[in-house]
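Here is a short briefing to read alongside the model. Please keep the structure open as you go through the points.

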Amino acid sequence: MTKDEVRQIVLNIIGVVAPDEDLSDLKGDVRLRDQLEMDSMDFLDIVMELRKRHKIEVPKEDYPNLATLDGCVEYLLPRFRESKVAV
Amino acid sequence: MEVRGSGGGRSGLAGRGARTTLRGPGREVRSGRDAPRARDLDGTERSATLSALPDNQRIVITGVGLTSPLGDTLADFRRNLLEGRSGVTTIETRFMGRVPAGVCRFDERKHQSNKERRRGTRAGAITIFCAREALADAGIELAKRDPSRIGVYVGVTEHGTVETENEIAAIREYNYDTKFWSHHHNPRTVANNPAGEATINLGITGPHYTIGAACAAGNAGVIQAVQMLRLGEVDLALGGGVSESIHSFGIFASFAAQNALADHPDPTKASRPFDVDRKGIVVSEGGALFVLERLSDARARGASIVCEVVGYAMNSDAGDPVLPTPERLAQCMRRALDRARLNPSDIDIVNTHATGTELGDIQEADAVRAVFGSCTEVYVNNTKSYIGHAMGAAGALELAGNLPAVYDSVVHPTINVDRLDERCAMPGLVLKEPRRASKVDVILNNSFGMLGINSVVIVRRVTD
């Protein structure tokens, strides 16, 4: 599992959660909420999709780690590596 | 086509073109000596053409938005009604296989984003579609209105069963582990969901709620809108009803358990109120919302006026939870007539609620005969024979389907009655073919529901 692979997984999930958004110019270091029309329910959708698709649990106290795309990758990469479930 | 009475209507059965086109020059105004009049017990004169209310208390419909198994515009819906075409098909239902149902085919994406659709409900989508189509039909530009003075009143038979069934099916895939239960479940299933989704989509900040009134709900939504306008709570109202019921297996299964679910090898023949061989209800989805305004406001903005809501009533059977009571149904119709200051003979069309159940149809026919039995110029029809039972939308959709009659004077028939059950015979019942009336000024719309809830709305062509 590489950073690019995790980034693509997250982008795929954001594409489902925010299907009307253009993700081609998404900046990795800028808050997702500042670039996309996303609210707390959307972030819960991201958490749910990680749970459903990849069996990864994100505890509530870790939600701030998902604020940016880079943050998502940094936070999720070790969890994907620990996960025994194929992505 | 039979012509009853004298005088002419418009030629052509399909209304006045492809658009809703309910307005326009209309027919000759009947007033003065020609108008039917009577006196109340207190000596007050009743009139079929003049209102005793000031214009700021008279409530009119100025726009219609709908989706039905027979089309997504009033023009299409009406054309199919006059052509006698059934909108019933079959759908695959969870646990039950194929069942007859009325399905809408409007474009959800016309007024909603992909994200809205992902989050929202089918009932919300139907409401948004109907609301936006109704506002466009009324010529309302929301940007020029105070959004806090607009109310949304949506009748529903039930809400939340579809979403709950879907969610249970979803977590079944996860061995019923509730951590996979969606956080969208509550906003999807709160009772105000359909109306609330519409306010979010439209940016309306006035009051919104649903009116839970079983299958009397479509009328109840209209009545609520009328009342709020008369109270001055809002200046513009969207009122009517919606239904997403076909997406719940439970409603089909429950009617089946009651021996009240229609079944026929040809789904277009399954919904057959008043027929000897009727077997029960065809469940349908749909919606109809009306733009309602005070007559004074409608005239001030130069709105085209479809009709006036001149009477309404609601009451309760306080009896059997599923079988209607003829006495209460008749009482509800009479109270609506009293509020409208009309006599039964002033009504031109009675749209029956009849759903195709054995006893329900008989009970309503009893009530209609009790109120209108001595009338020689009242036509009686039924719309569920075409589209099935659209539940919370039924009252509003069926009212909409009859509205064009006030301009074309044509009464759509009840279809699928091959052998009339004599217990359902009513004077003026229109069967098989449309009939041209000498005039259609006033329509009485019945809509009744479980737990003994009854609603009646009377609309009249505005001629003064």
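Predicted model: local features only at pLDDT ≥ 70, side-chain atom pairs only at ≥ 80, totals over all residues.

Residues are numbered from 1 along each chain as its sequence is written, while chains are lettered from A and ligands numbered from 1 in the order in which they are written.

**The sheet of chain B**

- Chain B has an open sheet of 10 strands with mixed pairing, in the order β8-β7-β9-β11-β4-β12-β18-β17-β13-β14. Strands (E, at least two residues) and helices (H or I, at least four residues) are DSSP runs, numbered from the N terminus, and two strands pair if DSSP finds at least two bridges between them.
- At the edges stand β8 (208–212) and β14 of chain B; each has a single partner strand, so one side of each is left without a neighbour in the sheet.
- On average, neighbouring strands of this sheet are turned by 25° against each other, direction ignored.
- Strand β13 (residues 349–352) of chain B pairs with strand β14 (residues 379–382) of chain B in the parallel sense, over 4 bridges.
- From β13(B), B:I349 and B:N351 point one way and B:V350 and B:T352 the other way, and all are buried (a residue is buried if 20 or more other C-beta atoms lie within 10 Å of its own, exposed if 12 or fewer, and partly exposed in between, with C-beta atoms placed from the backbone).
- Strand β7 (residues 150–156) and strand β9 (residues 236–243) of chain B are parallel and share 6 bridges, with B:V154 opposite B:G240 in β9(B).
- Helix α3 (residues 122–138) of chain B lies across β4 (59–67), β7, β9 and β11 (286–294) of chain B, and runs at about 130° to β4(B).

- Strand β18 (residues 453–460) of chain B is mostly covered, with 8 of its 8 residues buried.
- B:I453, B:S455, B:V457 and B:V459 point one way from β18(B), whereas B:N454, B:V456, B:I458 and B:R460 point the other way.
- With strand β12 (residues 307–316) of chain B, β18(B) pairs in the antiparallel sense over 8 bridges; here B:V309 stands opposite B:V459.
- Strand β17 (residues 442–449) of chain B also runs antiparallel to β18(B) and is joined to it by 8 bridges, and B:S447 faces B:S455 in this pairing.
- β17(B) and β18(B) form a hairpin with 3 residues between them, and B:L451 in the turn has a positive phi of about 70°.

**Helix packing**

- In chain B, helix α10 (residues 326–340) and helix α11 (residues 358–372) pack at an angle of about 45°, with their axes 8 Å apart. Axes are lines fitted to C-alpha atoms, for helices over the stretch in contact, and angles run from 0 to 180 degrees between N-to-C directions.
- α10(B) and α11(B) are therefore oblique to each other (angles under 35 degrees count as roughly parallel, over 145 as roughly antiparallel, 65 to 115 as roughly perpendicular and the rest as oblique).
- The residues of the contact of α10(B) with α11(B) divide into 7 nonpolar, 1 polar and 3 charged. Ala, Val, Leu, Ile, Met, Phe, Trp, Tyr, Cys and Pro count as nonpolar, Asp, Glu, Lys and Arg as charged, and the others, Gly among them, as polar.
- In chain A, the axes of helix α1 (residues 3–17) and helix α4 (residues 69–82) come within 9 Å and cross at roughly 115°, which makes α1(A) roughly perpendicular to α4(A).
- A:K3, A:V6, A:R7 and A:V10 of α1(A) make the contact with A:L69, A:C72, A:V73, A:L76, A:L77 and A:F80 of α4(A). Two residues are in contact if their C-beta atoms, placed from the backbone, lie within 7 Å.
- By class, this contact of α1(A) with α4(A) has 8 nonpolar, no polar and 2 charged residues.

**B:H389 and the chain contact**

- B:H389 sits in the loop between α12 (384–387) and α13 (394–402) of chain B, and counts as buried because it has 30 C-beta neighbours inside 10 Å.
- Leaving out residues up to four places away in sequence, B:H389 touches B:C215, B:I281, B:V282, B:V283, B:S284, B:T355, B:K384 and B:A394.
- Between the chains, 7 residues of chain A are in contact with 7 residues of chain B. The side of chain A that touches chain B has 4 nonpolar, no polar and 3 charged residues.
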